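Me: Got a model open here and want to go through it with you. Quick questions, quick answers, please.
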Amino acid sequence: GRGGGASAVGGLLNGSRPSAELTAFLDQGSEQYTWVAATVGSNTAAGYQLATDDPVMAIGGFNGTDPAPTLAQFQSSVAAGRIHYFIPGGRGPQAAGASVAQQITAWVTSNFASTTVGGVTLYDLSAA
């Protein structure tokens, strides 16, 4: 599958299902990072974390609407080399707190190059 899924409840409880190709890609050098990747929402993050057996940061908590981490906190983690990849998407922020997830997504997509692996677009945060 791709980075996320849908169900009768709009995909709220579906985790991501990364391909074997993407899982192998994320595993490369993962021991050098606190988080192998970051993505919006804990359900999306869970699928990547279960597939790779490596920590994945859930931006915005359960459904991407919590204002955590802040953009400044995320930028600090990137600058410190703690997060390897950013995988945009997830459930899609829609509430007031979601603006933080949107800010992080906009910052990443404006400052880092993307690549597509196994049908999923991701951004390498280790390369400025």
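Me: Leaving aside neighbours within four places in sequence, which residues is S77 in contact with?
Reply: S77 is in contact with W35, R82 and I83. Bear in mind that this is a predicted model.

Me: Where does S77 lie?
Reply: In helix α3, which covers residues 71-79.

Me: Is S77 buried or exposed?
Reply: Buried. Its relative accessible area is 8%, and the cut-off for buried is under 20%.

Me: Zooming out, how many helices and strands does the protein have?
Reply: There are 4 helices and 5 strands. Along the sequence the pattern reads α-β-α-β-α-β-α-β-β.

Me: And what share of the residues counts as buried?
Reply: 40% of the 128 residues. The protein exposes about 6,100 Å². Carbon and sulfur atoms supply 51% of that area.

Me: What about contacts between residues at least 6 apart in sequence: what share joins residues at least 24 apart?
Reply: 58% of them.

Me: Switching to helix packing. At what angle do α1 and α2 pack?
Reply: About 75 degrees, with the axes 9 Å apart. Helix α1 is residues 20-27 and helix α2 is residues 42-52. That makes α1 roughly perpendicular to α2, because angles of 65 to 115 degrees count as roughly perpendicular.

Me: Which residues make that contact?
Reply: From α1, L22, T23, L26 and D27. From α2, Y48, A51 and T52. By class, the contact has 4 nonpolar, 2 polar and 1 charged residues.

Me: Now the largest nonpolar core. Which residues touch the most other members?
Reply: I59, F74, F86, V108 and L125, out of 15 residues in that core.

Me: Which elements give two or more residues to this core?
Reply: Strands β1 (35-40), β2 (56-59) and β3 (83-87), plus helices α3 and α4 (98-111). The largest share, 4 residues, comes from α4.

Me: Back to L125. What does L125 touch, not counting residues up to four places away in sequence?
Reply: F74, V78, I83, H84, Y85, F86, V108 and F112. Two of the names there, F74 and V108, were also in the list of residues touching the most other core members.

Me: What does the second core include?
Reply: That separate core has 12 residues, including A45, Y85, V120 and L122. Y85 is also one of the residues that L125 touches.

Methods
Residues numbered from 1 in each chain as written. Predicted model: local features only at pLDDT ≥ 70, side-chain atom pairs only at ≥ 80, totals over all residues. Heavy atoms only, no water. Buried < 20%, exposed > 50% of the residue type's maximum accessible area, 1.4 Å probe, protein only. Contact = heavy atoms within 4.5 Å. Areas by Shrake-Rupley, 256 points an atom, 1.4 Å probe, with all protein chains shown as cover. Axes fitted to C-alpha atoms, helices over the stretch in contact; angles between N-to-C directions. Parallel < 35°, antiparallel > 145°, perpendicular 65-115°, else oblique. Nonpolar A, V, L, I, M, F, W, Y, C, P; charged D, E, K, R; others polar. Core = buried A, V, L, I, M, F, W, Y, C linked by side-chain atoms within 4.5 Å.
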